[in-house]
Amino acid sequence: MIHFDNSYARMPQGFFARVDPTPVAQPRLLALNTALAGRLGLDTGTLQSAEGVAMLAGNAVPEGAEPIAQAYAGHQFGGFVPQLGDGRAVLLGEVVAPDGARFDLQLKGSGPTPFSRRGDGRAWLGPVLREYIVSEFMAAMDVPTTRALAAVATGEQVWRDQGGLPGAVLTRVAASHIRVGTFQYFAVRDRKDALQALTDHVIARHYPDATGPLDLLNRVVARQARTIAQWMSLGFIHGVMNTDNMAVSGETIDYGPCAFMDVYHPDTVFSSIDRAGRYAWANQPQIAVWNLAQFATCLIPLMGDEAEAIEAATKAVHGFAPVYQAAWQQRFGAKLGIEGAPNQALIERLLDLMAQQRADFTRVFAGLSDGTARDEFTDREAFDVWARDWQALRPDQDAMAQANPRRIPRNHQVEGTIAAAVAGDMAPFERLFDAVTHPREDRPDWADLARPPLPDQVVHQTFCGT
Ligand code: AMP
Ligand code: MG
């Protein structure tokens with residue numbers, strides 16, 4: 001059915017635990033990403049068949065798959081946890097797409113593993129559908145990200161604070177699931193051999209031109225800097241930028257309490273567990289640097305003379321700022337349809353106005369193209385003053401149409417589709433999915449989905465939902 005080639009399952013002892021997904025009572029396919037299936041060279045008919053759904057639910061392990069739970073550690077909100085690992089996911093195996101690109105196929109919510117600690121290894125429908133829709137919107141906006149291939153209802157209940165909830169399994173697709181925390185797992189155990197093997201694997205898989213650990217570090221730093229600049233340009237707040245949730249491939253990973261801002265403010269936080277605002281929107285670049293410094297620390301033992309290695313690694317981590325700055329300027333410049341150095345002050349002036357007047361992030365930028373941005377401000381004259389300076393630069397409409405989504409998966413909409421799905425109606429989810437995965441299309445029948453929440457619809461908090 002699928003041709004698997006499982007390079008990670010060939011890694012040394014201690015990298016993973018072999019574990020099959022735990023079968024579920026009544027698998028039912030809720031969503032299948034046919035475009036992604038095509039990208040991977042998988043047959044949608046087969047995936048939709050009883051045999052395919054059994055695989056996506058974890059009820060049958062397909063031939064050639066070697067399910068494993070991966071080991072990793074991580075800093076969670078700044079505190080180091082030496083062992084985390086896949087506690088509610090298994091990597092089924094790797095598939096090689098028709099163009100030769102290699103992807104992990106992972107089931108999330110697939111039952112307990114040796115890394116589950118006290119967790120049940122399961123997921124409920126809410127976070128599964130949330131990750132599905134948000135990650136696919138990110139992909140549609142060309143943000144490096146893990147993808148969602150399928151969501152399957154388990155027919156079982158999952159017990160959470162809210163009570164019994166319908167269980168679900170997400171099939172996640174990623175360039176790999178190797179995290180900064182994967183390196184930390186071996187570094188804290190002083191396993192230099194394992195660190196070397198992991199470094200070689202990551203270079204071969206993601207950075208084939210990298211000449212060694214230092215060069216790898218430089219490249220990971222640069223990719224992360226560009227990814228985070230894209231998050232910022234969409235008003236995206238990851239919510240749990242722990243080192244175990246940062247992929248060395250540069251892909252956005254582990255969509256938990258993530259959210260997009262409606263009203264713009266740089267201090268915005270949604271996650272219920274982020275009480276200090278560590279992972280607020282504006283903090284994301286500096287947190288990325290902090291995480292990358294942890295990554296650098298893991299690589300130092302592989303870099304020869306320690307003093308020289310520390311100096312070189314420090315310099316590499318400092319390389320984040322210029323790449324980020326250039327990417328930020330390019331992304332926000334494109335949002336305004338202008339290029340080049342003078343745009344920085346102009347962008348900041350607009351953001352300041354938006355913050356002061358609590359303007360909607362997405363609607364302001366989308367509205368620059370059709371003249372409706374002004375309506376998002378209470379003090380429209382202040383906006384007009386800014387807009388005159390901006391217009392003088394002759395903004396490029398095509399660049400703007402490309403950079404500014406007309407709609408995003410807003411919290412209240414995502415929650416609405418989850419509530420409908422729990423009640424058995426997948427139609428709202430399908431409609432929102434279609435609309436946010438065609439984010440640049442201006443379609444009148446989707447006009448309602450571009451609206452901000454009404455005051456009583458505003459979502460103030462999001463949850464990890466594990
Ligand atoms: P996350 O919040 O997804 O970054 O997860 C942090 C850690 O908790 C990872 O090691 C997960 O595998 C583990 N975890 C989260 N939810 C569960 C669950 N329901 N059962 C077992 N382990 C879990
Ligand atoms: Mg995680």
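1. A polar contact is a pair of N or O atoms within 3.5 Å; within protein, one atom must be able to donate a hydrogen and the other to accept it, and residues adjacent in sequence count only if both atoms are side-chain atoms. One such pair joins the side chains of H75 and Q184, at 2.8 Å. This is a predicted model, in which local features need pLDDT of at least 70 and side-chain atom pairs count only at pLDDT 80 or more, while totals for chains, interfaces and linings use all residues. Residues are numbered from 1 along each chain as its sequence is written, and side-chain values use heavy atoms, with hydrogens and water left out.

2. H75 lies in strand β4; helices (H or I, at least four residues) and strands (E, at least two) are DSSP runs, numbered from the N terminus. The relative accessible area of H75 is 12%, so H75 is buried. The classes are buried under 20% relative accessible area, exposed over 50% and partly exposed in between, with a 1.4 Å probe and protein chains only. Contact means heavy atoms within 4.5 Å. Leaving aside neighbours within four places in sequence, H75 is in contact with F80, Q184, N242, T243, D244, W290 and Q294.

3. N6 sits in the segment before β1 (16–18). Its relative accessible area is 4%, so N6 is buried. A polar atom of the N6 side chain lies 3.0 Å from the backbone nitrogen of E94. E94 is also among the residues that N6 touches, the others being G64, A65, E66, L92 and G93, not counting residues up to four places away in sequence.

4. Two non-glycine residues deserve a look at their backbone angles. Most residues other than glycine have a negative phi. F77, in the loop between β4 (74–76) and β5 (79–81), has a positive phi of about 50°. R394, in the loop between α13 (380–391) and α14, has a positive phi of about 55°. F77 is partly exposed at 30% relative accessible area, whereas R394 counts as exposed at 73%.

5. Helix α15 (residues 411–422) has 12 residues and reaches 16 Å from its first C-alpha to its last. That is close to the expected 16 Å, the expected span being 1.5 Å times one less than the number of residues. Its buried residues are N411, H412, Q413, V414, T417, I418, A420 and A421. An α-helix has 3.6 residues a turn, so residues three or four places apart point the same way. The cover over the buried residues of α15 includes β8 (123–124), α4 (125–140), β12 (259–260) and α16 (427–436). After α15 comes G424, with a positive phi near 100°.

6. Q402 belongs to helix α14 (residues 397–403) and is partly exposed, with a relative accessible area of 45%. Not counting residues up to four places away in sequence, Q402 touches M141, D142 and R440. Its C-alpha is 43 Å from that of P301, which is 101 residues away along the chain.

7. The domain assignment gives domain 1 (8–174) and domain 2 (330–403); such bounds come from an automatic or database domain assignment. Taken over C-alpha atoms, the centres of domain 1 and domain 2 are 39 Å apart.

Technical notes
Chains are lettered from A and ligands numbered from 1 in the order in which they are written.
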